[in-house]
Amino acid sequence: MWKFIVRRLLVTFPQIVFLSVLVFVMAQFMPGDALTGLIDPNISPEALEIQRERLGLNNPWYVQYVDWLGGLVQGDLGQSFRFKMDVTALISERVMNTILLSLVSLIFTYLIAIPLGIISGRYNDSPLDSAITGYSYLGFATPIFIFALVVLWVFGFMLGWFPTSGSVAPGLDAGSMEYYISKLYHALLPGLSIALISVVSTIQYLRSEIVDTKQKDFIITARAKGASENRVYNKHIFRNSLLPIAAFFGWEITSLISGTVFVERVFSYPGMGLLFLESVTGRDFSVVTALVLLFGIASILGALLSDIILSIVDPRIRIK
Amino acid sequence: MAFLEVKDLQVYFPIKGGILNRTVEYTRAVDGVSFELEQGKTYGLVGESGSGKSTTGRAIIGLEDITSGQVLFEGKDITDKKAKNKNFRKDVQMIFQDPYSSLNPRKRVLDIVAEPLRNYEKLSKQEERKRVQELLDIVNVSPDSIFKYPHEFSGGQRQRIGVARAIALKPKLIIADEPVSALDVSVQAQVLNFLQEIQKELNLTYLFISHDLGVVKHMCDNISIMYKGRYVEQGSTKDIFENPQHIYTKRLIAAIPDIDPRNREKQFEFRKEVTKEYRESFNNYFDSNGLAFGLQSISDTHKVALPEKG
Amino acid sequence: MSNELLKIKNLSTSFRIGDEYYAAVDDVTLTLNKNEVLGIVGESGSGKSALAFSVMRLHTKAKIEGEVLLNNQDIVTMPKSKLDKIRGDEMAMIFQDPLTALNPLTPIGGQIEETLFLHNRKLGQQGRKKRAVELLDLVGIPNAERVFEQFPHELSGGMRQRVIIAIAIANDPKLLIADEPTTALDVTIQAQILDLIRELKEKIHAGIILITHDLGVVAEMADRVAVMYAGQIVEIASVEKLFENPLHPYTRSLLNSVPVEGQDTLHVIQGVVPSLKNLPREGCRFAARIPWVDASAHEENPTMHEVESGHFVRCTCHEHFYIPDQNEEKGEQSNGIS
């Protein structure tokens, strides 16, 4: 197993390097550079050119890449011209919010998906299964922001159970108990919105795993041993079907990213996703670049996590 | 000049390992195998799973890369893949084990059987259809069924369709890899009889690969027994069954269930003795790695893997 | 006390295809005595495995009619909770494919312990482990302690089949059903597994139903043999009688299609085993495959006849049956049967 994990880590490294090159090239194609927006429009082009030279913006691309990478490693992601602050500081403020939101939606996803997937798989082709599968198709087909709008309208505005925007109630002391509870309370509704959509793939995945495992020979062996039907399901079918779901966990993170981008917008939730959309529409390219890089790294690490989890839970990979 | 001559054939498969996934070792699937085939005869290659018998067949026809050694077909060296020219590919055909997966389920019988014809002979639609119907007639499948799909046939019929495809180009050598292992006994009988019939008609040579000694005994003129990539014994069918010399051969023969229930006790005793002998004399027949020694001739036709004398 | 362990009466097992049920096992009546090995022989599609699964009531989507009496308890109608108590305890099963019959994610030890846990709650965790290692030893697995910790994929096919046998005999079953236990194994391994089953038979005193397509295996193992064709039993006799004096045309044809010493051409049974949907439901089911036997030789509703004590055969056609010589057969064959 260790060999497998080390080998897997070795593959991850070039992936991240490749991603950084891609992001860098993308950033180069965007109009303007680090100076755009910082400078008084009345300044003479000659002076600008001197500044450019001083900042290394006229160097060949690979030198600029190495400089950029050096900055990255030290946590320097450039300047946001809209907020007039370091991108690093700007993002770190939002990162915690998004992580909280992701965590909440992950928990919701598994709380909803696992029971539904199990019911759907165990009683496949029953009316209940058809209903669940029907919902899944609806979920596959509906864009997440429409779902989020409906949830917001019903629970936020009509019923008034949850706050409709922001990540925390104003006027609370950061660090107090109330503050944290309010943070969690604000994350619930957007988290649920993401979960309601992201469950569908997990439900269907789990369902097909269970339907598949049900027909395996070792299930017959279990029945022949005298295991009751509940035991057959709990000890043999679910356990074996959950294994790929556990491995799917890392990929879930990747899909969350796309979820947060839209849901944060709908709920005006100040996380990375909202920042991303604002930066795109505001042409705040240094922020966009930094966020794309972060999202990309999160996806790569998600995939890595999936493989590592699989190697730990599956004895066929573990013992080698 | 032998019809087919295999000299010191080796097929190694790399085992990947380590952090960088480099080749760390080799599995010696076939490890120095030599034999000669006479035209019109049936040559049996027997062994259990992992013995390398199928790999040997696949290497000859070019489905596996040959690590070293030489394969001569009608005197021409065809070891290298490039040397396996059009004629060779026409003259040597293969029949596979599983009649359920070796026929493309989306193709009609006509297309399956005509495929080799289309590659090698330019026939008009009518001629092609006529040829396919003739071939189906030879293999006892109704010529009216050319527009059916494989799933509409039973296992035995499918295997015969596979044979029709194999003989479409009038090959000289057929490599049959466990051709009846997936079939029921009565169907097996159909296919075996039929293979013998067309052998006589077309003067075919068979390399018959099987784990079933009963079938091999019925079909073959000469037999080789393989174990872990090496030959342990080689001889005429009579040599092997009436005068087995290697302990592994004896063990294989003893393992065949006797079809007469009255011989039961005798058979158990015999098996027990052979097992005992196998355990006690293992070191006389296998080297320190548990592999067979080189072959020593004990008669004109009979060779056994024994340590060199002295 | 009667010597009868298992009595199967008029058992039919039907599967649904489209809107209709088709019987894969059709009106089978059988008995198995204590300490007896009953071989059930047939080709694919004969219904022999469906019969084995019916005795264990392992089918999930089949309609089962008739009685399966194990020590006078009817398996077919008993409540599921009672069935769970009997399965794995009084009756157990050995499966065909050792590569798929074990849970890939559970260590070998755990899989044996499960069956002990289910039927013997008094045995503590220590007791279960001790017994599991004992069982591994008993089925001839070297290093039982180590194998206990291992996972299925770390063992060879032959070793896995031994584990499956260990699971089956864990609670000293009275009835052991072996469904093609050696079909997936190499010949030398097959010989070892058959030896093991024979040895265990002496130790656990179980009645054994051995399902196989291999006549050699039956000849070596069985006390009595039932031959199945198209869902029905066509002949039952002691193993000596069956091989010495086979009566039913199917039995005779089958025996003649096995290669034996000094035989040039093998006998071929014409036609194919009909699929479940196309089984002839009336008259002699084998009639279509022996067209040279006159139609009047068959019974309208073939029943089992006791020809000699303990030797039963279905239909009267066996009295008129002969194996045609090659040329005649050839001529018959080209008459349209593909």
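Which residues of chain A does the UniProt annotation "domain: ABC transmembrane type-1" cover? Here are some friendly notes on that and a few other points, bearing in mind that this is a predicted model.

1. **The annotated stretch.** According to the UniProt record, an unreviewed entry, the domain annotation runs over residues 95–306 of chain A. Within residues 95–306 the chain is 83% helix and 0% strand.

2. **Chain A as a whole.** You will find twelve helices and two strands in chain A. Going along the sequence, the order is α-α-α-β-β-α-α-α-α-α-α-α-α-α. The C-alpha trace of chain A spans about 85 × 55 × 40 Å along its principal axes.

3. **Burial, surface and contacts in chain A.** Of the 320 residues in chain A, 42% are buried. The chain exposes about 16300 Å², and 69% of that area is supplied by carbon and sulfur atoms. Taking the contacts in chain A between residues at least 6 apart in sequence, 73% link residues at least 24 apart.

4. **Helix H4 against helix H7 in chain A.** Two packed helices are described by the angle between their axes and the distance between the axes. For helix H4 (residues 87–122) and helix H7 (residues 177–214) of chain A, the angle is about 35° and the axes are 4 Å apart. The crossing of H4(A) with H7(A) is right-handed. Sorted by class, this contact has 23 nonpolar, nine polar and four charged residues.

5. **Helix H4 against helix H9 in chain A.** H4(A) also meets helix H9 (residues 229–266) of chain A, where the axes come within 8 Å and cross at roughly 145°. H4(A) passes H9(A) in a right-handed crossing. From H4(A), the residues in this contact include A:Thr98, A:Leu101, A:Ser105, A:Tyr110 and A:Arg122. On the H9(A) side, A:Glu229, A:Tyr233, A:Phe249 and A:Glu264 are among them. The class count for H4(A) with H9(A) is eleven nonpolar, six polar and four charged residues.

6. **Helix H3 of chain B.** Which residues are buried in helix H3 (residues 109–120) of chain B? They are B:Val109, B:Leu110, B:Asp111, B:Ile112, B:Val113, B:Ala114, B:Pro116 and B:Leu117. The cover over the buried residues of H3(B) includes H4 and H5 of chain B.

7. **A serine in a loop of chain B.** B:Ser145 sits in the loop that joins helix H4 (125–138) to helix H5 (155–167) of chain B. Is B:Ser145 buried or exposed? B:Ser145 counts as buried because its relative accessibility is 4%, and buried means under 20%. Leaving aside residues up to four places away in sequence, B:Ser145 touches B:Val109 and B:Phe153. B:Val109 is also one of the buried residues of H3(B).

8. Most residues other than glycine have a negative phi. B:Asp8 is not a glycine, yet has a positive phi of about 50°. B:Asp8 belongs to strand S1 (residues 4–17) of chain B and is partly exposed, with a relative accessible area of 43%. B:Asn203 also has a positive phi, near 50°. B:Asn203 lies in the loop between helix H6 (185–202) and strand S8 (205–210) of chain B, and counts as partly exposed at 42% relative accessibility.

Note on methods. Residues are numbered from 1 along each chain as its sequence is written. Chains are lettered from A and ligands numbered from 1 in the order in which they are written. This is a predicted model: local features need pLDDT of at least 70, side-chain atom pairs count only at pLDDT 80 or more; totals for chains, interfaces and linings use all residues. Side-chain values use heavy atoms; hydrogens and water are left out. Axes are lines fitted to C-alpha atoms, for helices over the stretch in contact, and angles run from 0 to 180 degrees between N-to-C directions. A crossing is left-handed if the near helix is turned anticlockwise from the far one by less than a right angle, and right-handed if clockwise. Ala, Val, Leu, Ile, Met, Phe, Trp, Tyr, Cys and Pro count as nonpolar, Asp, Glu, Lys and Arg as charged, and the others, Gly among them, as polar. UniProt positions are given in the numbering used here, feature names are shortened, and annotations may be inferred rather than shown by experiment. Buried means under 20% relative accessible area, exposed over 50%, partly exposed in between (1.4 Å probe, protein chains only). Contact means heavy atoms within 4.5 Å. Accessible areas come from the Shrake-Rupley method with a 1.4 Å probe; for residues, only the protein chains shown count as cover.
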